[in-house]
Amino acid sequence: MALRSPSFLDLETLLSQAEYHEIDVPVARDIVETTMSKRSAGGKAGLGAIALNGSAGSDFQYQSTYSLAPREKATVSRVIDGLIREKAVQVNPNGESALSKDVLVEIEGTTRITAVSVMSKVFFLFRRLMLSRDINDLNQLANLDLEDADVAEAIQQVYLANELLPLPVLLELSGSTTPHKVYVNVRPDFFIDKASADRIEGDVRVLGTVSRLIPEGDFRVTDEWLLHGWEFMMRRIMMAQIQDDLEEVTRQLQRLGLRVPDDDVHAYISGPAVVLDAIALY
């Protein structure tokens with residue numbers, strides 16, 4: 001097997017899977033460099049009237065990353081090879097493969113960031129605006145205009161930067177052998193060297209566990225990505241009426257030159273589909 005150079009790696013979960021399947025594994029602290037990098041805008045985020053003081057920990061924090069030396073990459077590759085060799089991983093499952101929750105799979109294909117993750121940045125900003133402007137009524141969100149100078153400046157900051165905000169990202173993986181749609185949940189802070197959008201889009205192999213199986217005719221709401229960080233009841237209330245809001249957000253983003261595909265994932269994922277929790281991307 002070839003040496004893998006992961007762009008994303010949840011090492012603790014990988015080693016837990018290996019230990020469960022009785023694969024020889026090194027101690028985690030022996031294979032991960034201690035170099036950690038916190039990605040942030042630094043100082044004060046330039047948001048005009050809603051500028052947020054970085055010293056208070058409320059500036060735009062990007063995702064944390066860590067580094068793997070070549071020797072550690074070799075060790076990680078051997079652990080993955082061992083899992084595949086012991087048939088603990090279903091590699092490129094097809095229509096004849098029976099998938100079930102928590103099964104470990106490796107699927108190859110082409111990934112792209114879905115619209116729900118593109119728009120989650122807007123709701124991340126709206127949440128910041130509610131806190132900074134002391135907005136307590138959800139109905140007042142309708143009065144937030146994306147063409148407002150402060151809002152537009154904040155949106156440019158988070159959309160023009162290639163680095164990722166501390167939000168989970170939902171990817172769609174196409175071109176795989178799996179007969180139904182495949183989506184990949186990529187959690188924050190497990191990126192190697194740099195957390196950026198161009199490192200998770202394109203031709204990749206995904207090692208992950210099946211977290212959701214959505215049968216044909218069923219659906220799954222996307223609030224855990226779209227409204228990440230919002231209080232549970234607020235998420236329920238907003239998702240009940242969010243389809244019209246998403247259409248308006250889409251129109252306003254398009255006026256700012258940001259293209260959001262009309263047929264992409266917005267308020268829900270339609271079946272038949274499988275959602276994976278990513279352990280590694282390489």
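1. Phe 190 counts as partly exposed, at 23% relative accessibility; buried means under 20% relative accessible area, exposed over 50%, and partly exposed in between (1.4 Å probe, protein chains only). Phe 8, by contrast, is buried at a relative accessible area of 0%.

2. On the basis of the note: this is a predicted model, in which local features need pLDDT of at least 70, side-chain atom pairs count only at pLDDT 80 or more, and totals for chains, interfaces and linings use all residues. Residues are numbered from 1 along each chain as its sequence is written, and side-chain values use heavy atoms, with hydrogens and water left out.

3. Confidence. The protein chain has an average pLDDT (the predictor's confidence in each residue, from 0 to 100) of 80, and 76% of the residues score at least 70. Residues 33–59 fall below 50, and this stretch has 65 contacts in the model beyond near neighbours in sequence; contact means heavy atoms within 4.5 Å. Where pLDDT is low, the predicted coordinates should not be read in detail.

4. Aromatic pairs. There are three in the structure. Rings of Phe, Tyr and Trp (its six-membered ring) pair if their centres lie within 6.5 Å; planes under 30 degrees apart count as stacked, over 60 as edge-to-face and the rest as tilted. Phe 8 and Phe 190 make an edge-to-face pair, 6.0 Å centre to centre with 70 degrees between the planes. Phe 8 lies in strand S1 (residues 8–9) and Phe 190 in the loop between strand S9 (181–186) and strand S10 (191–192), so the pair ties together parts that are 182 residues apart in sequence. Phe 8, Phe 190 and Phe 191 form one aromatic cluster. Helices (H or I, at least four residues) and strands (E, at least two) are DSSP runs, numbered from the N terminus.

5. Phe 219 and Tyr 268 are also an edge-to-face pair, at 5.7 Å centre to centre and 65 degrees between the planes. Phe 219 belongs to strand S12 (residues 219–221) and Tyr 268 to strand S13 (residues 268–270), 49 residues apart. Phe 219 is partly exposed at 49%, and Tyr 268 is partly exposed at 43%.

6. Cores. A nonpolar core is a set of buried Ala, Val, Leu, Ile, Met, Phe, Trp, Tyr and Cys residues joined through side-chain atoms within 4.5 Å. The largest has 34 residues, and those with the most contacts inside it are Phe 123, Leu 226, Leu 227, Ile 242 and Ile 269. Helix H4 (115–132) and strand S14 (273–281) are among the elements that each supply at least two residues of this core, and H4 gives the most, with 10 residues. Leaving aside neighbours within four places in sequence, Ile 242 is in contact with Phe 123, Leu 226, Leu 227 and Ala 267. A second, separate core of 24 residues includes Ile 113, Leu 171, Val 274 and Leu 276.

7. Strand S7. Seven of the 10 residues in S7 (residues 104–113) are buried. Two strands pair if DSSP finds at least two bridges between them. S7 pairs with strand S6 (residues 90–91) in the parallel sense over two bridges, and Gln 90 has Val 105 as its bridge partner. With strand S11 (residues 202–214), S7 pairs in the antiparallel sense over eight bridges; Glu 106 is partnered there by Leu 207. S7 and strand S8 (residues 169–174) run antiparallel, joined by four bridges, with Ile 113 opposite Leu 171.
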